[in-house]
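My notes follow in the order I checked things.

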Amino acid sequence: MSEHKNDNNASSKGTSNGQVISLSGMYEDYFLDYASYVILERAVPTINDGLKPVQRRILHAMKEMDDGRFHKVANIIGQTMQYHPHGDAAIGDALVKLGQKNLLIDCQGNWGDNRTGDGAAAPRYIEARLTKFALDVLYNPQTTDWQLSYDGRKNEPITLPVKFPLLLAQGVEGIAVGLSTKIMPHNFIEIIKAAINYLQDKPFRLLPDFDGGGLVDVSDYKRGKRGGKIRVRAKIEMLDKTTLAIRELPYGVTTTSLIDSIVKANEKGKIKIKKVVDNTAKDVEVLIELAPGISPQVAEDALYAFTRCEESISPNACVIVDDKPLFTDVNEILRVCTESTRELLKRELEIKEAELMEKWHFASLEKVFIENRIYRDIEECETWEEVVKAIYKGLDKYVVTPKSKPKKSDKRLRLFRDITDEDVTRLTEIRIKRISKYNTFKADEKIKQLEEDLKQVRHDLAHLTEFTIAYFERLLEKYGKGRERRTKIANFEDVNKVSVIANNAKLYANLKDGFVGMGLKKEQFISECSDMDNVIAFRKDGKFKVVKISSKTFVGNNLLHVAVWRKGDDRTTYNMMYLDGKSGKSYVKRFNVTSITRDREYDLTKGNPRSKVLYFSANANGEAETISIQLSPTSTARKKQLDFDFSELDIKGRSSQGNIFTKYPVRKVTLLESGKSTLGAIQIWMDEVSGRLNTDNRGKFLGDFDTGDTILVLYKDGTYELKDFDLNQKFEVKEVVDISKLGKKTVVSAVHYEGSKGWTMVKRFQIETLTLDTKFSYISDDSRSKLLYASLEPNPRIQYNMKMGSQKIDGQMDLKDFIAVKGWKALGNKLSDQRLTGIKPVATKNKRAGKKKLSAGDSIEFDVDNNQGELF
């Protein structure tokens, strides 16, 4: 054991020249060094130029190589490795990403496709060069701060002197140690206009824009700060009633990942599609063929809810400022970059001013030196010192320097600075040939031009903000074409996943033993459902519970009612009478269940364990029925048979104890009469594709329905049927001619071929039968009889065609004027003694009630010979 302890001590301490070195704190220091390196040197961009170190080194290397022609990417990678202490793969990946942004690098060859996720070709096969924009805004050696490269052999820029908010245009994403950054790309034109607005002290707003287009909801963008969120969507178009097309992708999603998510959602039963086809080439095109009977509107919502057609992105604007990470927002980034641009332009103007002053200074000295023949003064000089002294003396007669502090009356030429020995040396280096051909006029013109240029530069410096604005305007004019916004700003409505998911399961219940679920296929069928639904179950003891649907869940014995529960459903109303176990009194109540905590048990009674439910009903449209109550024969009540109408009660919350109905024992409660809704009529539509009823303003408007109202359906086989307005119903659209709410004045207009007589007949009738869910035929039973036209329009008008021998006859007719309303079994009036060859509706003014006006084209148009037609 002692030897083992000594070994441990040796591993934690080392000796060097007899000195003990402790490892305490060493790992902490190493980790901090590593974290700082990753943050500053790899993952997070600097705010000034908006570049990560590898990007900056790539662009610097490309500038060194730049000769206007394309270079192999492999050569660029090799050049960059002189500055970047990492492998060629990291440099190559960064270079490809820069090129795919289509801003700084001109690409040639297969650079991959960020729309499909395809990678670029090998570096030896692709080429690149800097764009004109990059050359204009990224480089200026005179305003660049330099440092030694990692091996000390080369100079590299600390940051590039970028005169543009590049970080906002390109966007960035990076993960470091302990923090990350994600800045969205923004529109080139909008960035410039925002910079101009900032310089003019005007408000501005920056919103993300993506090359792939699509839609974006920026209601929670928060200027790109940490904690904000944006939602991006694909742009989905409906080509026809069975096909959807995606032509613009959400940011960060490829066609491959999008199609994979659609297939997975289909496999899980969340959406129902027939196939997905990727036709992406120059433009994105993903075609989705829907399964039969699936509404394209519902399918579109389901795609947003269950696939990558919609993505949520959390921006996190983190940048390096003064060698430290800083969390900020895009407005602040724009402000800093615009101020940096103004400062860089100021430095360039100051450098230009100094250069112009130097040119003017020497041009003036040269003019004085040559015109006044000062060069002759040095002919007799024997030493260099005498030459310099003679030139100084000669110039002093004609020019004056700031050092000599001249008087205002002094007529000599005033210089910007003192004359130096270097100036004198340059004068002595002027060749005799140039002196002999010296043109005073041209020299004056040159000096005059230099003075005008100098005046302009000084004006720009004095009006630096206006100069910066003009600079941005030039950028916009020169490079803004073709960079208009591609992503549409929109406000997304939240998709209710439960309402759009396809019914991919069935709900069953064992009412006696208290089990509900999708796996109880031998038990009582309740309804169709989806695997995302919730189930509500009421028990005889007055308690209820809402649970997530599963294969099998126990919710309590002696169930009264089981159904699929929808959050926020304020129309489904429960009518209930219960016995309070403590007082023996009977209470009545009406309530909704709009919100709950799942898996929690709720008590609808006053809480006594001996309480029980005497009567219970669930009413999808808020109906209030009348019940009959028989009191116990042994009770002392004078009247032992009572009636109660639930419409006398207000609808309250589930926790309301209700109203006292009687203090006497109740023997039996029965339904006496069904009532009408106390919530008012409900507006119902039918989806033209799926045939499902809905209240979402989707499809054909059928009418305002109240208790007792029915739907009238006309079928192609010449029958009609009355249906209730249960929203769970689904109609076979291909078999339906027309459908609407049955009103007191509803009239069916029909043109049919009477097979036994060979005549074409017209009839108009009202519905006389009241039986639901039973089809009644209003044409004869002869196998040759066919329905040619049918409509529920109040004033239908048709155009028909028929043949008489070799002659074709066309005609139009108002059916209302042709025949009066008769019984539904009547044969009708003869239109022709032969079968029509064609018939179609003629547009008339629609007088039917409803939210959606229906043209005559909503009625069926038949190919008479084939008896085929479409309702919608």
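I started with Asp 696 and Arg 698, which form a salt bridge. Their closest N and O atoms are 3.5 Å apart. The model is predicted, so I treat each value as computed from that prediction. Is Arg 698 buried or exposed? I found that Arg 698 is buried, because its relative accessible area is 18% and the cut-off for buried is under 20%.

Next I looked up Arg 539. Arg 539 makes a salt bridge with Asp 541. The closest N and O atoms of this pair are 3.0 Å apart. I then checked the cover on each partner. Arg 539 counts as buried because its relative accessibility is 8%. Asp 541 has 27%, so I noted Asp 541 as partly exposed.

I moved on to Lys 543. Which residue does the side chain of Lys 543 meet in a salt bridge? The partner is Asp 603, at 3.7 Å from N to O. This pair links distant parts of the chain. Lys 543 sits in strand 26, residues 543–548. Asp 603 sits in strand 31, residues 601–603. Lys 543 is buried, because its relative accessibility is 18%. Asp 603 is partly exposed, because its relative accessible area is 28%.

I also found a network. Salt bridges link Glu 190, Asp 209 and Arg 485. How many salt bridges does the count come to? I wrote down 41.

**Arg 231**

I looked for Arg 231 and found it in strand 11, residues 229–233. Its side chain is joined to that of Glu 310 by a polar contact of 3.0 Å. Arg 231 is buried, because its relative accessible area is 14%.

**A hairpin**

I turned to strand 8, residues 172–175. Where do its side chains point? Val 172 and Gly 174 point to one face and are buried.

Then I checked the neighbour. Strand 8 is joined to strand 9, residues 180–183, by 4 bridges. The two strands run antiparallel. Glu 173 has Lys 182 in strand 9 as its bridge partner. Together strand 8 and strand 9 make a hairpin, with 4 residues between them. Gly 178 lies in the turn and has a positive phi of about 90°.

What is the order of its strands? I read 49-48-51, and the pairing is antiparallel. Strand 49 (807–814) and strand 51 (838–841) are the edge strands. Each of them pairs on one side only. From one strand to the next, the twist averages 15°.

I followed one pairing in detail. Strand 48, residues 797–804, pairs with strand 51 over 4 bridges. Gln 799 stands opposite Lys 840, which is in strand 51.

**Loops and positive phi**

Asn 102 has a phi near 55°. Asn 102 is in the loop between helix 5 (88–100) and strand 4. I noted Asn 102 as partly exposed, because its relative accessibility is 48%.

Asp 323 was another case. Asp 323 is not a glycine, yet its phi is positive, about 60°. Its loop runs between strand 17 (318–321) and strand 18 (324–327). Is Asp 323 buried or exposed? Asp 323 is exposed, because its relative accessible area is 61% and the cut-off for exposed is over 50%.

I then looked at Asn 110. Asn 110 is in the loop between strand 4 (105–108) and strand 5 (127–130). Asn 110 and Ala 121 are 11 residues apart in sequence. In space they are 5.5 Å apart, C-alpha to C-alpha. Asn 110 is partly exposed, because its relative accessibility is 46%.

**A surface patch**

Leu 32 belongs to helix 2, residues 26–43. Leu 32 is partly exposed, because its relative accessible area is 45%.

Conventions. Residues are numbered from 1 along each chain as its sequence is written. This is a predicted model: local features need pLDDT of at least 70, side-chain atom pairs count only at pLDDT 80 or more; totals for chains, interfaces and linings use all residues. Side-chain values use heavy atoms; hydrogens and water are left out. Buried means under 20% relative accessible area, exposed over 50%, partly exposed in between (1.4 Å probe, protein chains only). Two strands pair if DSSP finds at least two bridges between them. Axes are lines fitted to C-alpha atoms, for helices over the stretch in contact, and angles run from 0 to 180 degrees between N-to-C directions. A polar contact is a pair of N or O atoms within 3.5 Å; within protein, one must be able to donate a hydrogen and the other to accept it, and residues adjacent in sequence count only if both atoms are side-chain atoms. A salt bridge is a side-chain nitrogen of Lys or Arg within 4 Å of a carboxyl oxygen of Asp or Glu.
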